[in-house]
Amino acid sequence: VQLQASGGGLVQTGGSLRLSCAASGRSFTSLAMAWIRQAPGKEREFVAALNWSGATTYYADYVKGRFTISRDDAKNTVYLQKNSLKSEDTAVYYCAAKKYIAVRGIDYDYWGQGTQVTVSS
């Protein structure tokens, strides 16, 4: 499966941004999807994930209540709505996919190229 992330950019603290990840190739509807991020000088960290149906979602504590992951199977796209952004949310955001939902980035099999999000104070 091929993944293409988009929607990153520069936003002020407290602002909002929506990331998109378009999938092609293997059946999108059978895959769990996730967002993982990597800040400068830090390791990649899990952000959010949802299972194939969207009925199960997981969020990292540091984004819970601010970020929402969702999917549109008709468009083969997963989204990450980010509200109340903080400077510590600055990172490259990657979308990833695998058969079963997981909360560790390293468990994901397919990765997109990443999109940069910069939150300025």
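**Disulfide.** I went looking for disulfides (a pair of cysteine sulfur atoms within 2.5 Å) and the count came to one. The model is predicted, so I took local features at pLDDT of at least 70 and side-chain atom pairs at pLDDT 80 or more, while totals for chains, interfaces and linings use all residues. Residues are numbered from 1 along each chain as its sequence is written, and side-chain values use heavy atoms, with hydrogens and water left out.

The bond runs from Cys-21 to Cys-95, S to S 2.1 Å. I noted that this pair links distant parts of the chain, 74 residues apart: Cys-21 is in strand β3 (residues 17-24) and Cys-95 in strand β9 (residues 91-98). Strands here are DSSP runs (E, at least two residues), numbered from the N terminus. With 60° about the S-S bond, the Cys-21 to Cys-95 link is right-handed. Both Cys-21 and Cys-95 are buried (under 20% relative accessible area; exposed is over 50%, partly exposed in between, 1.4 Å probe, protein chains only).

**Aromatic pair.** Next I searched the whole structure for ring pairs (Phe, Tyr and the six-membered ring of Trp, centres within 6.5 Å) and got one. Tyr-94 and Trp-111 have ring centres 6.1 Å apart and planes at 70°, so I logged the pair as edge-to-face (planes over 60 degrees apart; under 30 is stacked, the rest tilted). Tyr-94 is in strand β9 and Trp-111 in strand β10 (residues 110-111), 17 residues apart. Tyr-94 is buried at 12% relative accessibility, while Trp-111 is partly exposed at 28%.

**Charges over rings.** I then checked for NZ of Lys or CZ of Arg within 6 Å of a ring centre and within 35 degrees of the ring normal. Arg-44 lies over the face of Trp-111, 4.7 Å from the ring centre. The charged end of Lys-82 sits over the ring of Tyr-93, 3.4 Å from its centre.

Definitions and conventions
Helix = DSSP H or I, 4+ residues; strand = E, 2+ residues; numbered from the N terminus.
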